[in-house]
Amino acid sequence: MSERVRREVRELVDGFGPPRPGLAARAVAGLPDRPARRAVPRWTVATAAALVVLTGLLLWAARSLPRAAPAEPAGVAALEGRPLASVPTSGPTCQVDARRANVVAANAMVTLVSGSGVPLAGLVTVQTVYKPEVASTVGVTAGPDVSGPVLVRGHRLDGPGTLALALAPATPARRELTLGAGPAARRWDLRLQASAPGCYAIQFDGARFSEQAVLPLWPHSPTSLQQTMDPAQARVAVRAAVTGARPILLPDAIGADWRTDVGATADGFTVRYTDPSGSGRTVTVATAVANPPQSATRSGPGFHGDSRSLYVVNGATRILLWHQPGVYDHADPSYPGVPYELTATGLSDAEFWQIANSLA
Amino acid sequence: MCTQELIERSLAGDRSAFELLIEPLVEPGYRLACGMLLDRDEAEDAVQEATLKAWLKLDSFRWGADPRPWFLTIVANHCRDVRRSRWWSVLRGVDPQRAGAAPLEDLAGSLDLRRALARLPVQERALLVLHYYLDLPLEEVARVLGITQVAAKSRLYRVLRRLRGHLDMCEAGT
């Protein structure tokens, strides 16, 4: 029996595949600074402890020693001396200068462009994968020519407001972050927290470049609903919780026994369905703006009458992005409607479209 | 460079030393997280989160100890937290580029047992992954899970008995 369990455990775990290459490097790349500290050998600790026991005076003296200052990456001070650039915007919709790429609702990988309008491919790219109504996470990729510290700061362009940044998912938010770019560190997820709704610029300062990305942000709304339930209950609960978006679309063609995890605020929601068999099949419906990977297969299905809708197949993952005609408190006037995302893993094409076509 | 040197340098803030320290632990941590969370993306997130915690908690690393159970403990604790508050992930966008899924093939034949495994409480699944996948002795499994070796042994026995009972029921039903 135990051999069979061993085999099944191995197959269950192996079924998820190996970690993506560079996981360790990515994990280490996002680490905050540690205070500089010299490790003390064990015998020194023991000796010091003995001395402390013998002389209270030494204890007092040791506690009075100044603490080591936090390590400061070289060159950051110089980057901090640069001013935050004022990015020209036009109108109230957070549209940036036509020469620049607006990272909002572009449905494509955005490459930041230089002040002169010449694309600097390979410096820093920003991928929007954020949900404005619950929090904003942007993926930042440094190109192969970028090395050393990259200072990231942000500010509001169209009124008073501050922007705090954190390395997603768990570091404390700060007014500025330093990313250490190098061969092993090219990709970070940044969580953005705006103090007031508006148009914000994120500025990236490296040794040889300074670039800005512009995007609209809203303050984080407290999650009003966070629960696991069944699909029918989810439909009722989401409609009750979300008041800032209509229509609320959820799939009918989901098994009644699928685990349904719901998260919602007044402004939006995410519902994730998981196949109870443990096969790894999941379906997620969310009000979200996202742009899919460049390497994926794309097509424009004209879903629900949206000519800019996008269907992406990336390995076992299928993604459908579209804006649903309706009312959305945070609608982008240049691309009206409620931004929706349907993502499924482990489903066939036919199964995916059966679910997509059952959204109601 | 030996483990203790890597830890010393990491304590001094050297990220490259910490990366060398953590790199061989990432795959076991990822496998444990996959077994506990049953989701590849969440498992990778858990490993990244555990790496951050390991970096911040490096001061508490016991001198001369093996870093593997220490890191796996952090992964396991984080996975338990994720399971308790599953919807932490609502607070971030779905990143399509990182989305992935387990292959669906090769499920036939063992589906009943696989389902039973997937339905086990997360702590029991962690025990099975640590012992049967990562081949950790029960003493180390117990350390990772924060229980005694006797408790780990009896828990393993109970899980195997339950799985056997489940299989018997399935076979009787077919």
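## Chain A overview

Of the 360 residues of chain A, 43% are classed as buried (20 or more other C-beta atoms, placed from the backbone, within 10 Å of the residue's own). The structure is a predicted model, in which local features need pLDDT of at least 70 and side-chain atom pairs count only at pLDDT 80 or more, while totals for chains, interfaces and linings use all residues. Residues are numbered from 1 along each chain as its sequence is written, and chains are lettered from A and ligands numbered from 1 in the order in which they are written.

Chain A contains seven helices and 21 strands (DSSP runs of H or I with at least four residues, and of E with at least two, numbered from the N terminus).

## Helix 3 of chain B

Helix 3 of chain B is mostly covered, with 15 of its 17 residues buried. From first C-alpha to last, helix 3 of chain B reaches 24 Å, close to the 24 Å expected at 1.5 Å a residue (1.5 Å times one less than the number of residues).

## Packing of helices 2 and 3 in chain B

Helix 2 (residues 15-37) and helix 3 (residues 40-56) of chain B pack at about 140 degrees, their axes 8 Å apart (axes are lines fitted to C-alpha atoms over the stretch in contact; angles run from 0 to 180 degrees between N-to-C directions).

Technical notes. A residue is buried if 20 or more other C-beta atoms lie within 10 Å of its own, exposed if 12 or fewer, and partly exposed in between; C-beta atoms are placed from the backbone.
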